[in-house]
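Trainee: Hi, I'm new to this one. Could you walk me through it?
Mentor: Happy to! Let's open it up.

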Amino acid sequence: MYEAYWGLKEKPFENTPDPRFLYHSSQHEEGLYRLLYAVKEQKGAAIMTGVFGCGKTLLGRTMLRELSKDIYRVGYIMNPQLSYLELLMAVATSLGVSGLPSKKTEVLTNVVLDEISKVLQNNMKDGKKTVVIIDEAHVIADKEVWEGLRLLLNFQLEDRFLLTLLLLGQPELKESIDSNKQFSQRVAIRCHLGHMNLEDTHNYVLHRLKIAGREEQLFTEGALKAIYEKSGGIPRRINHICDLSLLTGFGRKLTHIDEKVVSEVTKDLEGE
Ligand SMILES: Nc1ncnc2c1ncn2[C@@H]1O[C@H](COP(=O)(O)OP(=O)(O)O)[C@@H](O)[C@H]1O
Ligand SMILES: [Mg+2]
């Protein structure tokens, strides 16, 4: 709606995890490196925690894009609110197993584990590493489900795992994992995304605008500072504030967004 008015090719602040918009803040960069290290070195499991909206799913999607198909076979599970058997089936399906009965009552755990084992062995023979990314992993509460995930990590050679699990989730994920000692021992890499600082928030906004086609200044320095203060440096909130500011500025035919516009739209948000 406002794109042409602001000289943009597309909307810059959509709350969708589109890797084209990734801004390499120091913490996102470090998070990405750690996840990449875990898969390259075939560690058992890596976890990435962070509050809602800090960029976990975006980094998960970026991993999917970065991991070359020549070397990796990657499964992605978006919603792991599943029972033990359902989760094993989701893992199997995400890795390309087909032909499992659709009725849960007809499926045996051992059969699913066997199928997963076959896929892992075949991938290894083909010279491929296998990775399963589980997003929203903080919703996994059941001990039995953690036990199922631990079983998956039993597929290993002497010096490496045949499967690397990357678990992304809100901060509660850490407690869940720590209370499942057996699983916890297999987590080789941990990282946490916090909020961005003022400088990163500033550069983040400019970066997303640039990708969307606008290089000239649009937000004043005062506006950028206000965006940082009101968003607490959380990308999802920054996007929301910037999007509403652009809409408001368009409605009023402004040439720039200043801190007054930012304050106004954040008042509206607070009133939600
Ligand atoms: N480093 C980043 N660069 C660009 N956009 C980001 C970054 N981190 C988060 N975002 C954006 O913020 C929004 C929320 O991120 P998301 O990955 O969905 O958060 P989470 O999964 O942690 O709740 C998405 O639109 C995402 O693209
Ligand atoms: Mg997410």
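**Around the ligand**

Mentor: Keep in mind that this is a predicted model. To begin, an N or O atom in the side chain of Arg208 is 2.7 Å from a nitrogen atom of ligand 1.

Trainee: And how much of ligand 1 does the protein bury?
Mentor: The protein buries 98% of the 560 Å² that ligand 1 exposes when taken alone.

Trainee: What does His28 do with a nitrogen atom of ligand 1?
Mentor: His28 places a polar side-chain atom 3.2 Å from a nitrogen atom of ligand 1. Thr16 uses its backbone instead: an N or O atom there lies 3.1 Å from an oxygen atom of the ligand.

Trainee: How many residues surround ligand 1?
Mentor: There are 21, and the closest are Tyr23, Gly53, Lys56, Thr57 and Arg208. The shell divides into 10 nonpolar, seven polar and four charged residues.

Trainee: Which helices each supply at least two residues of that shell?
Mentor: Helix H2 (56–66), helix H8 (198–211) and helix H10 (235–251) do.

Trainee: Switching to domains, where does ligand 1 lie?
Mentor: Ligand 1 lies between domain 1 (26–193) and domain 2 (196–270), because both give residues to its shell. The space it takes is the largest pocket.

Note on methods
Residues numbered from 1 in each chain as written. Chains lettered and ligands numbered in written order. Predicted model: local features only at pLDDT ≥ 70, side-chain atom pairs only at ≥ 80, totals over all residues. Heavy atoms only, no water. Near = heavy atom within 4 Å. Polar contact = N/O pair within 3.5 Å; in protein donor to acceptor, adjacent residues only side chain to side chain. Areas by Shrake-Rupley, 256 points an atom, 1.4 Å probe, with all protein chains shown as cover. 1 Å grid on protein atoms, 1.4 Å probe; cavity = no way out; pocket = protein on both sides within 12 Å on 5 of 7 lines; lining within 4 Å. Sits in = over half its atoms within 2 Å of the grid points. Helix = DSSP H or I, 4+ residues; strand = E, 2+ residues; numbered from the N terminus. Nonpolar A, V, L, I, M, F, W, Y, C, P; charged D, E, K, R; others polar. Domains from an automatic or database assignment.
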